[in-house]
Amino acid sequence: MSTPTGPASGLPVRMPRPRQSGRHRRPEPAVAPDGAPALVLAVPGTPGASVRSLADEVVSIARSELPGLDARIGYLDGDDTEFPTLAAVLARTARERTARYEQARAAGVEVTEPEGPVAVVVPLLAGPDGALLRRVRQGINDSKVAAELTDVLGPHPLLAEALHVRLSESGLARADRARLFTVATAADGIIIASVGGEEAVQAAGITGMLLAARLAVPVMAAALDKEGAIADTAEQLRSSGSAQLALAPYLIGPEIDATLLEAAAKEAGCLAAEPLGAYPAIGKLALSKYATTLGIPQTGAGAPLR
């Protein structure tokens with residue numbers, strides 16, 4: 001029970017926690033600047049319930065990392081009804097920004113006319129894929145909207161972490177090498193599978209070196225969309241002493257047909273981990289690309305690789 005001057009005698013008083021001072025003070029959480037462009041996630045592949053769930057999870061992670069973020073999803077193969085295309089999402093974002101400005105003016109509020117990009121488009125791709133990136137650029141052009149396009153998400157140490165986790169979830173790697181958990185099916189050679197040509201293989205190879213450091217086993221990258229490349233890489237690993245191989249997709253998931261992974265694993269005679277999917281690092285990296293484009297300071301795991 002309270003009195004007019006505060007809590008009744010004997011009741012605990014909740015006092016605000018003093019702000020920590022000094023060099024160990026926790027940084028103030030970042031928030032999206034007022035009027036900041038929207039983050040639009042460009043999602044490749046055939047849209048469906050599972051793809052939408054994955055994309056929703058990625059943007060949800062990004063929003064949780066930057067409160068106030070306007071995050072939206074545009075599908076490269078959308079139908080403009082249940083799954084809106086990238087061009088349609090960008091056009092609607094521009095209309096809504098103009099409408100907010102005009103409503104504010106009509107209400108007598110002093111506001112500055114919006115300038116700069118309407119949105120920052122982040123491709124939902126772990127590595128470069130020329131064909132898909134051309135389609136993303138075409139979607140931006142079709143929208144007739146000023147939008148910035150970021151780089152793809154990798155290479156980055158967080159993607160090496162994600163590959164490690166997916167391998168361990170499939171029983172193909174130890175979850176924690178430091179604790180020396182015994183995993184009977186742990187691979188002693190890893191093939192990182194990418195799509196998008198030689199540039200994509202090179203980018204996957206950089207993340208592969210980070211993964212090799214985590215697992216202390218040989219790791220090689222190969223093109224999933226080049227006939228025989230996975231099998232040839234498997235042979236190289238076996239000839240160098242690896243007996244039990246695993247296939248680690250350097251892919252989010254929607255950008256490829258799942259049957260390609262199954263066929264490649266069968267051809268190489270090994271088991272395969274799941275694609276990266278909506279691993280938390282994916283949402284953090286998408287936000288990092290957005291923040292870097294706009295010059296928003298970032299700290300923590302999602303900070304850019306230098």
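Where is Pro155 found? The notes below take up this point together with the other features of the model, which is predicted.

1. Pro155 and its peptide bond. Pro155 sits in the loop that runs between β6 and α4, the latter spanning residues 157–169. The peptide bond leading from Gly154 to Pro155 is cis, and its omega is near 0°.

2. Overall make-up. The protein holds eight helices and ten strands. It has 306 residues, of which 45% count as buried. Its accessible surface comes to about 16500 Å², and carbon and sulfur atoms account for 51% of that area. Where contacts join residues at least 6 apart in sequence, 73% of them link residues at least 24 apart.

3. The sheet containing β3 to β6. Four strands make up an open sheet, arranged in the order β4-β3-β5-β6 and paired in parallel. The edge strands are β4 (71–75) and β6 (147–149), each of which pairs on one side only. From one strand to the next, the twist averages 30°. In general terms, the strands of a sheet pair through backbone hydrogen bonds, in either a parallel or an antiparallel manner.

4. The pairing of β3 with β4. Strand β3 covers residues 38–43 and is joined to β4 in the parallel sense over five bridges.

5. Helix α1, residues 49–65, lies across β3 and β4 and runs at about 155° to β4. Helix α3, residues 130–143, also packs on the sheet, where it touches β3, β5 (119–123) and β6. The direction of α3 makes about 175° with that of β6.

6. Ser143 in helix α3. Ser143 has its place in helix α3. With a relative accessible area of 9%, Ser143 is buried, because the cut-off for that class is under 20%. Leaving aside residues up to four places away in sequence, Ser143 touches Ala87, Leu90 and Ala91. The C-alpha atoms of Ser143 and Ala87 are separated by 4.4 Å, although these two residues are 56 apart along the chain.

7. The sheet containing β7 to β10. A further open sheet is formed by four strands in the order β8-β7-β9-β10, again with parallel pairing. The edges are taken by β8 and β10 (271–272); each has a single partner strand, so one side of each is left without a neighbour in the sheet. Strand β9, residues 245–249, runs parallel to β10 and is joined to it by two bridges. Within this pair of strands, Ala246 stands opposite Leu271 in β10.

8. Helix α5 lies across β7 (189–194) and β8, running at about 150° to β7. Helix α6, residues 229–239, packs on the sheet and touches β7, β8 and β9. The angle between the direction of α6 and that of β8 is about 160°.

9. Two residues with positive phi. Asp80 is not a glycine, yet its phi is positive, at about 60°. Asp80 lies in the loop between β4 and α2 (86–106). At 48% relative accessibility, Asp80 counts as partly exposed, because exposed residues must be over 50%. Ala216, another residue other than glycine, has a positive phi near 60°. Its location is the loop between α5 (198–215) and β8 (219–223). Ala216 has a relative accessible area of 56% and is therefore exposed.

10. How many cavities of 30 Å³ or more does the count give? The count comes to one. The largest cavity has a volume of about 60 Å³. Among the residues that line the largest cavity are Leu125, Ala126, Gly127 and Asp129, together with Ser194 and Val195. The lining of the largest cavity also includes Ala200, Tyr250, Leu251 and Glu255.

Notes: Residues are numbered from 1 along each chain as its sequence is written. This is a predicted model: local features need pLDDT of at least 70, side-chain atom pairs count only at pLDDT 80 or more; totals for chains, interfaces and linings use all residues. Side-chain values use heavy atoms; hydrogens and water are left out. Two strands pair if DSSP finds at least two bridges between them. Axes are lines fitted to C-alpha atoms, for helices over the stretch in contact, and angles run from 0 to 180 degrees between N-to-C directions. Contact means heavy atoms within 4.5 Å. Buried means under 20% relative accessible area, exposed over 50%, partly exposed in between (1.4 Å probe, protein chains only). Accessible areas come from the Shrake-Rupley method with a 1.4 Å probe; for residues, only the protein chains shown count as cover. On a 1 Å grid over the protein atoms alone, a cavity is a set of points where a 1.4 Å probe fits but cannot get out, and a pocket is an open set with protein on both sides within 12 Å along at least five of seven lines; lining residues have an atom within 4 Å of a point. Grid points are joined across faces, edges and corners, and a volume is the space filled by probe spheres set on the points.
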